[in-house]
Amino acid sequence: MKPSIYGLKNDELTEWFVENGQKAFRATQVWDWLYVKRVTSFAKMTNLSKELIQLLEENFIVQPLIQKVVQESNDGTIKYLFELHDGLLIETVLMRHEYGLSVCVTTQVGCNIGCTFCASGLLKKQRDLTAGEIVAQIMQVQQYLDEKETGDRVSHIVVMGIGEPFDNYDNVMSFLRIVNNEKGLSIGARHITVSTSGLAPKIKEFAENGLQVNLAISLHAPNNEIRTSIMRINRNFPIEKLMDAVDYYLEKTNRRITFEYIMLRGVNDQKEQALELAKLLADKRHLAYVNLIPYNAVSEHDQYSRSKKADVLAFHDTLKKKGINSVVRKEQGSDIDAACGQLRSKQMKKESTEA
């Protein structure tokens, strides 16, 4: 299978052209066709010679994703199911906010982190996505919007789909540099957020990358006992190691970190846990932001249920009184398999039944 040209950073594309006996400016032309004009085939690059188009076609493909299912929510959220060249399936979600259009991208097929409440981790990791396959999700969504001729543009990205981004670190970093490039999609680094479940060494490495990309930590519990029971990764990187990496990141970047916290009834949603969380983040309160997330039920994880609204509000109030900034996340796409991984799981069950 030929790789997607979306997987090459701008300097890598230039280097490829030079190595293949072409002028360096050809890379600028192709980059413009891909990310500004957003053509979907080399044949549409009309200022390239037939010989150069043939050279590109012999070495690359453009779009490596096949659109299988599109679901549109009443609130404007759009969920896409894509098929990869090897038949594996991934999900991508477009969300509409007051500040713009945000796309949630997937970085792996399946996930090995083992969070016991999560739909995307029901299937073990089968492989990492290439940088080109991650970029292609943004391109496919933008091309979908282009076809509607509304002028809508993807303005924000959250790397929070299926998989652990820092378990596919190199490809994710290439993806970030490609979509951030000012001569292409030009999505601002501060409009991009990468989420991790807590791979402490990679958090420290991420602090050194030089990009002004936002970081989110999937915390979900204020102590090791609860966190280990719902997130297997806490066995390898308990809260002490995680917070050491967080401190390193804050010292290096002085940038705010969002702590994601899914509210599970009777598990992590009581005032006792809110006070523990406030204490855990007390010395970071000026750069800590807690995102309280309503739980999306997953039939395979029926031991969990959504926290009562009163408990969520009380939890939020407790954090506020302790000086911790937090917000209750607004739900989106609740009518279209909102939980990450649900659409993919349902499609696989459907295909299994039809077979």
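**Note on the predicted model: domains, core and helix packing**

1. The domain assignment divides the protein chain into domain 1 (5-59) and domain 2 (66-354). The structure under discussion is a predicted model. Between the C-alpha centres of domain 1 and domain 2 the separation is 33 Å. Contact across the two domains involves 12 residues of domain 1 and 15 residues of domain 2.

2. The largest nonpolar core has 109 residues, and the members that touch the most others are Phe 175, Leu 176, Phe 206 and Phe 259. Helix H4 (residues 131-148) is the greatest contributor to this core, supplying 8 residues. Because domain 1 (5-59) and domain 2 (66-354) both contribute residues, this core lies between them. As a general background, nonpolar side chains in soluble globular proteins tend to be buried together.

3. Leaving aside residues up to four places away in sequence, Phe 175 touches Val 105, Ala 131, Ile 134, Val 135, Ile 138, Ile 157 and Val 159. Phe 175 also belongs to the set of H5 residues that meet H4, and the H4 side of that contact includes Ala 131, Ile 134, Val 135 and Ile 138.

4. The packing of H4 against helix H5 (residues 169-180) can be described as follows. Their axes come within 8 Å and cross at roughly 40°. An angle under 35 degrees would count as roughly parallel; H4 and H5 are therefore oblique to each other. The crossing in which H4 passes H5 is right-handed. On the H5 side, the residues that meet H4 are Asn 171, Val 172, Ser 174, Phe 175, Ile 178 and Val 179.

5. Ser 174, which is found in helix H5, has a relative accessibility of 15% and counts as buried, since the cut-off for buried is under 20%. Apart from residues up to four places away in sequence, Ser 174 touches Lys 9 and Ala 131.

6. Thr 130 is located in the loop between strand E6 (127-128) and H4. Its relative accessible area is 38%, and Thr 130 is thus partly exposed. A distance of 20 Å separates the C-alpha atoms of Thr 130 and Ile 187, which are 57 residues apart along the chain.

7. The residues of H9 that make the contact are Lys 271, Gln 273, Ala 274, Leu 275, Leu 277 and Ala 278, while H10 provides Phe 315, Thr 318 and Leu 319.

8. Most residues other than glycine have a negative phi. Arg 38, which is not a glycine, has a positive phi near 60°. Arg 38 lies in the loop between helix H2 (25-35) and helix H3 (50-59), and with 23% relative accessibility it counts as partly exposed.

9. The other residue is His 220, whose phi is positive at about 70° although it is not a glycine. His 220 sits in the loop between strand E9 (214-218) and helix H7 (224-230). At 5% relative accessibility, His 220 counts as buried.

Note on methods:
Residues are numbered from 1 along each chain as its sequence is written. This is a predicted model: local features need pLDDT of at least 70, side-chain atom pairs count only at pLDDT 80 or more; totals for chains, interfaces and linings use all residues. Side-chain values use heavy atoms; hydrogens and water are left out. A nonpolar core is a set of buried Ala, Val, Leu, Ile, Met, Phe, Trp, Tyr and Cys residues joined through side-chain atoms within 4.5 Å. Buried means under 20% relative accessible area, exposed over 50%, partly exposed in between (1.4 Å probe, protein chains only). Helices (H or I, at least four residues) and strands (E, at least two) are DSSP runs, numbered from the N terminus. Domain bounds come from an automatic or database domain assignment. Contact means heavy atoms within 4.5 Å. Axes are lines fitted to C-alpha atoms, for helices over the stretch in contact, and angles run from 0 to 180 degrees between N-to-C directions. Angles under 35 degrees count as roughly parallel, over 145 as roughly antiparallel, 65 to 115 as roughly perpendicular and the rest as oblique. A crossing is left-handed if the near helix is turned anticlockwise from the far one by less than a right angle, and right-handed if clockwise.
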